[in-house]
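Colleague: I am new to this structure. Please show me how to read it, one feature at a time.

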Amino acid sequence: ALHYSFARKSQNQHQMSRNVLQVKASFKVAILGAAGGIGQPLALLVKMSPLVSDLHLYDIANVKGVAADLSHCNTPSRVRDFTGNDELANCLKDVDVIVIPAGVPRKPGMTRDDLFNINAGIVKTLIEAVADNCPDAFIHIISNPVNSTVPIAAEVLKQKGVYDPKKLFGVTTLDVVRANTFVAQKKNVKLIDVDVPVVGGHAGITILPLLSKTKPSVAFTDEEVHDLTVRIQNGGTEVVEAKAGAGSATLSMAYAAARFLESSLRALDGDSDVYECAFVESEVTELPFFASRIKLGKKGVEAVVASDLEGLTEYEKKGLEALKVELKGSIEKGVAFAQKQT
Ligand code: NAI
């Protein structure tokens with residue numbers, strides 16, 4: 001039997017594994033940008049999920065081969081390919097979760113905001129189709145800059161009259177995955193146990209790992225806190241530089257996106273103990289969007305864990321104030337883009 005294990009099940013129960021034979025596959029998932037660097041390994045991981053009955057792959061190029069290839073894996077889900085605007089509506093029909101990694105990635109020297117001009121338009125077009133065809137679905141946005149593309153998506157959904165803030169997520173799981181990995185390495189603790197909440201946004205200093213809230217409790221020196229924080233914030237750039245022009249994180253991102261998807265599907269399936277960090281509409285700060293730990297339920301965000309922002313260290317408080325300035329600008333840039341287009 002296939003074992004599928006990604007995320008902690010809850011704050012207390014850190015490991016989850018499901019036996020494919022025990023689960024009734026039932027959810028439809030669409031990946032938009034499925035033939036890309038993230039899309040392909042993500043599609044493979046989703047094909048292995050026992051919770052998925054149908055996997056719809058959409059891209060503007062090369063998706064037929066990806067789907068043909070994947071469809072030969074003997075796991076239960078049915079794989080279908082869709083390409084071009086004409087097939088987008090069919091791809092989205094009756095889908096429960098849409099994952100969007102469509103768009104261009106960074107090259108060395110670029111910030112995520114440098115991708116804005118291309119990816120903003122791509123996300124806008126895709127979300128318009130989502131609004132028309134599956135407005136009740138969970139929407140997972142991976143395309144960068146997430147700090148702006150999520151506000152763009154929210155505006156487009158509002159314009160279409162179908163915005164449900166509980167179902168729109170910017171995927172920041174990779175920041176948590178990196179934080180957990182780097183902390184476990186540095187402190188020599190068992191990786192499977194480590195859980196670091198990462199809040200704020202998903203770019204540079206807007207990524208704020210709350211190391212003081214690491215579970216299980218770990219003692220850090222000031223220097224360790226600073227080094228770890230900077231490494232987590234620059235994790236994406238570390239990969240961009242190592243790939244030297246060939247793109248950004250794709251494999252670790254696919255892993256992180258699959259973990260967030262699996263958590264969402266478990267929540268949709270009625271599991272009442274699912275927590276993840278994500279960039280969502282939020283009231284935990286004065287900003288309209290903020291990444292923090294959320295409880296996921298059948299209807300999306302069931303609660304935002306606001307208590308993570310209480311009792312911060314001085315270092316974290318300073319990081320929080322600094323990130324708000326940049327994050328505010330990125331959110332406003334996204335909103336202005338979406339409003340200008342109407
Ligand atoms: P890639 O260039 O390898 O793949 C992107 C795919 O999107 C391509 O197959 C392309 O044909 C497709 N595409 C372009 N326009 C499209 C449209 N209008 N409709 C459907 N598909 C379209 O890029 P990669 O490496 O997969 O990265 C994708 C995005 O994910 C980038 O914006 C990148 O910055 C972002 N990213 C986000 C992370 C996060 O933590 N949220 C981490 C890593 C990357």
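**Reading the model**

Modeller: This is a predicted model. Start with the shell around the ligand: it holds 19 nonpolar, 13 polar and two charged residues.

Colleague: Which residues come nearest to the ligand?

Modeller: Of the 34 residues around the ligand, the nearest are Gly 33, Gly 36, Gly 37, Ile 38 and Asn 144. Two elements give two or more residues to this shell: strand S4 (52-59) and helix H4 (116-133). H4 supplies the largest share, four residues.

Colleague: How do I read a helix?

Modeller: Think in turns. An α-helix has 3.6 residues a turn, so residues three or four places apart point the same way. Now take helix H6, residues 173-187. Its 15 residues should span 21 Å at 1.5 Å a residue, and its end C-alpha atoms are 21 Å apart, which agrees.

Colleague: Which residues of H6 are buried?

Modeller: They are Thr 173, Leu 174, Asp 175, Val 176, Val 177, Arg 178, Ala 179, Asn 180 and Val 183. The buried residues of H6 pack against several elements, among them strand S9 (198-200), helix H7 (222-233) and strand S11 (274-281).

Colleague: What follows H6?

Modeller: Asn 188 does, and its phi is positive, near 55°.

Colleague: Where should I be careful?

Modeller: Check the confidence. Where pLDDT is low, the predicted coordinates should not be read in detail. Here the protein chain has a mean pLDDT of 93, with 92% of its residues at 70 or more. Over residues 7-21, though, the pLDDT is below 50. That stretch still has 34 contacts in the model beyond near neighbours in sequence.

Colleague: And the overall scores?

Modeller: The ipTM is 0.99 and the pTM is 0.94.

How values were computed:
Residues numbered from 1 in each chain as written. Predicted model: local features only at pLDDT ≥ 70, side-chain atom pairs only at ≥ 80, totals over all residues. Near = placed C-beta within 6 Å. Nonpolar A, V, L, I, M, F, W, Y, C, P; charged D, E, K, R; others polar. Expected span 1.5 Å × (residues − 1). Buried ≥ 20, exposed ≤ 12 C-beta atoms within 10 Å, placed from the backbone. Contact = placed C-beta atoms within 7 Å. pLDDT = per-residue confidence, 0-100.
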